[in-house]
Every structure is written in C-alpha cells, then in structure tokens.
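Please read this briefing alongside the sequence and the 3D view. It is meant for a reader who is meeting this structure for the first time.

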Amino acid sequence: SGPLSAGRVALDALPSAHSAPAGRFSVGVPYVTDLPVPSGPFEGRKLPELLAHCDGHVPARRTCQAFGPGGCDVGDIVLPLGAIVVGRTVDDHGAPIGGVDMELALDSGMLVAGDAPLLSSLDPAQHFRYFKSGDDGRFRLGMVPPGTARLSFDVASRLPATRTGVPLAAGEMADLGDVVLERGATITGRVLDEGGRPFPGAEVRISVHEFEWDDVAHPIHSEI
C-alpha cells in the first residue's frame with residue numbers, strides 16, 4: 001500500500017495535522033490521554049492516542065506506546081479502503097428534510113455512522129458517532145467499513161425509516177436515493193386552568209410505552 005496524502009491525524013480536542021504527499025505527518029502536542037504509562041519518567045501518566053481518517057477510507061486509531069520526552073514515531077498507520085453511502089431524506093411529497101438522525105449498523109454487529117469523529121466517542125473497531133442529514137436532506141457517510149448494512153433514519157414528527165441489506169463494497173459508492181420519512185400521527189387538545197379558562201404557555205410532553213389494548217382503561221403512565 002502507498003502513502004495517503006490529505007489524511008487527517010487528530011488528537012481529541014487537540015491540534016491535528018494532514019498527511020503530506022508522502023504520507024508523513026507531524027503533530028505537536030502537550031501531554032495527553034489514554035493508557036497508563038507503566039514505567040519511565042512519565043510513569044502513572046497516560047499515553048497519547050492518534051486517530052487517522054480520510055474520506056473513503058476506514059479510520060484507524062493508534063496508541064503512542066513509545067511516547068517519551070521527545071515524542072515518538074508511530075510508524076505506518078494503514079487506512080483500509082472503505083465504502084461511501086449517499087442519499088437524501090425527504091417527506092411524502094419529496095421535499096427535503098434536514099437534521100435527520102442516522103444510524104448505520106453492519107450485519108457483523110459493528111455500529112458505524114458519520115464522519116470525523118472524536119477519539120472520546122470512537123473506537124474504529126466498534127463505534128463511530130451518529131450522523132445527521134444536511135439542511136437540504138442530503139447525507140454522505142464517507143468512512144464506512146465494507147459489509148452489509150442496515151440504516152435507520154429518525155426525526156421528530158416523522159415515522160422512522162429503515163433500509164436493510166445494503167451491500168457496501170470497498171472503494172464503491174452506495175446511493176440510497178430518496179429515503180422517505182412519512183408524517184406521524186398528531187395528538188391535539190387544550191390546556192385549561194381550574195376555572196375552565198385557557199392556560200397558555202403550558203408544556204405538554206408525550207411519552208410512548210408498549211401496552212396491550214386491554215390496558216387503555218387503566219393508563220400505565222401519565223405525564224403533565
């Protein structure tokens with residue numbers, strides 16, 4: 001495998017750098033973050049960790065095991081070729097819906113989604129952060145491991161949508177087209193005071209619970 005330029009190498013909440021054409025990078029850091037140092041001048045402190053990611057590739061995480069007063073060279077960080085997932089979230093009439101929460105889970109059990117996650121919320125072998133569609137409803141997940149995926153889409157006032165059995169091949173783009181989120185049910189009513197007068201400004205919340213229809217006469221939950 002050859003050097004990857006423009007890859008971003010980041011330390012959570014700290015400075016980051018982009019790899020040069022030869023793939024090399026250098027990040028200047030204060031002392032940071034993750035595993036206890038077993039011995040030496042930094043004994044008891046924690047080792048820094050790096051996260052390298054680039055669009056179209058699966059991110060990789062590296063602990064600086066040889067970290068010392070002069071820093072360290074972590075060697076080669078390999079970013080495997082990944083898949084890209086694109087599409088658009090829309091309503092029943094084809095109008096875009098922005099801010100839709102998305103989750104992508106592989107059949108292998110790996111939960112993934114999104115882009116440029118922070119180290120605090122990412123283990124590349126397990127989790128990426130959640131992702132939202134843009135204001136125009138379009139989304140692009142550019143760092144997804146290959147596999148077969150299930151995608152979930154959820155936003156307030158709309159019924160959730162799912163796409164299952166989506167094949168994701170390394171180096172290829174999966175275009176889901178328009179993902180339609182149908183309008184959900186609406187509950188209306190009126191809030192009054194003890195004298196029967198309208199009560200403006202009251203907050204009304206809804207909570208959803210599983211129940212049998214026989215239980216309707218005996219509510220299992222109420223919230224004002």
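The notes below go from the whole chain to its strands, its cores and a few single residues.

This is a predicted model, in which local features need a pLDDT of at least 70 and side-chain atom pairs count only at pLDDT 80 or more, while totals for chains, interfaces and linings use all residues. Residues are numbered from 1 along each chain as its sequence is written, and side-chain values use heavy atoms, with hydrogens and water left out. The protein chain contains zero helices and 14 strands, where helices (H or I, at least four residues) and strands (E, at least two) are DSSP runs numbered from the N terminus.

**Confidence**

- The pLDDT, which is the predictor's confidence in each residue on a scale from 0 to 100, averages 76 over the protein chain, and 65% of the residues score at least 70.
- Among the elements of the chain, the lowest mean pLDDT, 46, belongs to strand β3 (residues 35–36), and the highest, 97, belongs to strand β14 (residues 173–180).
- Over residues 32–37 the pLDDT is below 50, and the model gives this stretch 27 contacts beyond near neighbours in sequence, a contact being heavy atoms within 4.5 Å.
- Residues 114–129 also have a pLDDT that stays under 50, and for them the model has 47 contacts beyond four places in sequence.

**The chain as a whole**

- Of the 224 residues of the protein chain, 33% count as buried, where buried means under 20% relative accessible area, exposed means over 50%, and partly exposed lies in between (1.4 Å probe, protein chains only).
- The accessible surface comes to about 13800 Å², and 53% of it belongs to carbon and sulfur atoms; accessible areas come from the Shrake-Rupley method with a 1.4 Å probe, and for residues only the protein chains shown count as cover.
- Among the contacts in the protein chain with a separation of 6 or more, 53% are between residues 24 or more positions apart.

**Strand β8 and its partners**

- Two strands are said to pair if DSSP finds at least two bridges between them, and β8 is joined by two bridges to strand β10 (residues 131–132), with the two strands running antiparallel.
- Within that pairing, Asp-101 has Lys-132 in β10 as its bridge partner.
- Strand β8 also pairs in the antiparallel sense with strand β12 (residues 147–154), over six bridges, and there the bridge partner of Met-102 is Phe-153.

**An open sheet of three strands**

- Three strands form an open sheet in the order β11-β7-β14, and the pairing in this sheet is mixed.
- The edge strands are β11 and β14, each of which pairs on one side only.
- Strands β7 and β11 pair in the antiparallel sense over five bridges, and Val-86 stands opposite Arg-140 in β11.

**Nonpolar cores**

- A nonpolar core is a set of buried Ala, Val, Leu, Ile, Met, Phe, Trp, Tyr and Cys residues joined through side-chain atoms within 4.5 Å, and in the largest one, which has 22 residues, Val-85, Leu-104, Phe-139, Phe-153 and Leu-168 touch the most other members.
- Strands β7 (83–90), β8, β11 (138–144), β12, β13 and β14 each supply at least two residues of this core.
- A second, separate core has eight residues, including Ala-52, Cys-54, Ala-60 and Cys-64.

**Single residues to look at**

- Gly-56 lies in the loop between β5 (49–53) and β6 (60–63), and Gly-56 is buried, with a relative accessible area of 9%.
- Not counting residues up to four places away in sequence, Gly-56 touches Leu-81, Gly-82, Ile-84 and Gly-142.
- The C-alpha atoms of Gly-56 and Ala-83 are separated by 6.0 Å, although these residues are 27 residues apart along the chain.
- Ser-157, in the loop between β12 and β13 (161–168), has a phi near 75°, a positive value in a residue other than glycine, and Ser-157 counts as exposed at 53% relative accessibility.
- Pro-198 is in the segment after β14 and is exposed, with a relative accessible area of 56%; not counting residues up to four places away in sequence, Pro-198 touches Arg-190, Val-191 and Leu-192.
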